[in-house]
Amino acid sequence: MAVALATVSAIALATPAQAGAAQPSAPTTRTVGYFSDKPLPTGKSTAVSGLPASARAQLAGRGGASPQTDTPRGYKLRKGRLVTDYIYKSADVWAIEARCDSDGCHPVQQIKLALKEYARGRTSRKWELTFYGSHWSGPSHFSMEYYYQCGVNISGATDKTCSSWRRDGAQGSSSGVAVNEQQIVRDFGNTNVVTKFPMINLMVEFNDGSWAIGDDGKRGEKFRGWDVCVTRTTTKMCHSTGDGG
């Protein structure tokens, strides 16, 4: 799927002309789309310094750099917790479009995202992944897309995708339109005594057609799932997990 670097728009605010006087530089308004672990408060401004580093980089006209992580292509565990031995739920993440000027930044539109991962257990080699994307503030209309990949946790080395590691029946990457509470089921392969995890990139298009940009300067928030431990007799969440760091 093609990805694009963020576009930051600058719009000069008009000021009335004053005859015979030099005109000061007009303040600018800039719009930025990014992801954060907390929403922007509505009804008041937030200083630019209070935005995540990736949003500040966009406002400064700098593109993001691909993070150097053990997980392929910069996917990260977005905090969260184990609900049971078979279910992991990420923390909530917000896709935010904000308008910033000399007075600070105000939210234009905010969408709340999360990922749930369910390992079916016993001898099953499938996981169910649920995408969450719901309106938080601003216009109610938005759209989402997803990209899926399967990963293998390699101890002491850079992790691999399932398809680049071994041909063992794991389903390859896929993509498509995403909606709130949508579920996809994928086979992650029949190899025993191995640790695997899902990777989901959730991409959000705002009401005005712009996109939320991740910390790598590309569309989408890259969720790394919790490690799944596979033996001959059972499949369940591992006691601990890699986080993509």
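Q: Is Lys 222 buried or exposed, and at what relative accessibility?
A: Buried means under 20% relative accessible area, exposed over 50%, and partly exposed in between, with a 1.4 Å probe and protein chains only. Lys 222 has 13% relative accessibility, so Lys 222 counts as buried. This is a predicted model, in which local features need pLDDT of at least 70 and side-chain atom pairs count only at pLDDT 80 or more, while totals for chains, interfaces and linings use all residues. Residues are numbered from 1 along each chain as its sequence is written, and side-chain values use heavy atoms, with hydrogens and water left out.

Q: Which way do the side chains of strand β13 point?
A: Strands (E, at least two residues) and helices (H or I, at least four) are DSSP runs, numbered from the N terminus. In a regular strand the side chains alternate between the two faces of the sheet. In β13 (residues 221-224), Glu 221 and Phe 223 point one way, Lys 222 and Arg 224 point the other way, and all are buried.

Q: Which strand pairs with β13, and in what sense?
A: Two strands pair if DSSP finds at least two bridges between them. Strand β12 (residues 194-205) and β13 are antiparallel, with 4 bridges. Opposite Phe 223 of β13 stands Ile 200.

Q: What salt bridge does Lys 222 form?
A: A salt bridge is a side-chain nitrogen of Lys or Arg within 4 Å of a carboxyl oxygen of Asp or Glu. The structure holds 9 of them. The partner of Lys 222 is Asp 216, and their closest N and O atoms are 2.9 Å apart. Asp 216 has a relative accessible area of 5%, so Asp 216 is buried.

Q: Where does the partner of Arg 224 lie in the chain?
A: Arg 224 and Asp 159 meet in a salt bridge at 3.9 Å, N to O. Arg 224 is in strand β13 and Asp 159 in the loop between β8 (143-152) and β9 (160-161), 65 residues apart. Both residues are buried. Asp 159, Arg 224 and Asp 227 are linked in a network of salt bridges.

Q: How many residues of strand β5 are buried, and which strands pair with β5?
A: In β5 (residues 93-101), 7 of the 9 residues are buried. Strand β2 (residues 28-36) pairs with β5 in the antiparallel sense over 7 bridges, and Thr 31 has Arg 99 of β5 as its bridge partner. Strand β6 (residues 104-119) also runs antiparallel to β5, with 9 bridges. Glu 97 stands opposite Gln 109 in β6. The hairpin of β5 and β6 has 2 residues between the strands.

Q: How many aromatic pairs does the structure hold?
A: A pair of aromatic rings is described by the distance of the centres and the angle of the planes. Rings of Phe, Tyr and Trp (its six-membered ring) pair if their centres lie within 6.5 Å; planes under 30 degrees apart count as stacked, over 60 as edge-to-face and the rest as tilted. The structure holds 4 aromatic pairs. Among them is the edge-to-face pair of Trp 94 and Trp 136, at 5.4 Å centre to centre and 75° between the planes. Trp 94 is in strand β5 and Trp 136 in strand β7 (residues 126-137), 42 residues apart. Trp 94 counts as buried at 8% relative accessibility, whereas Trp 136, with a relative accessible area of 42%, is partly exposed.
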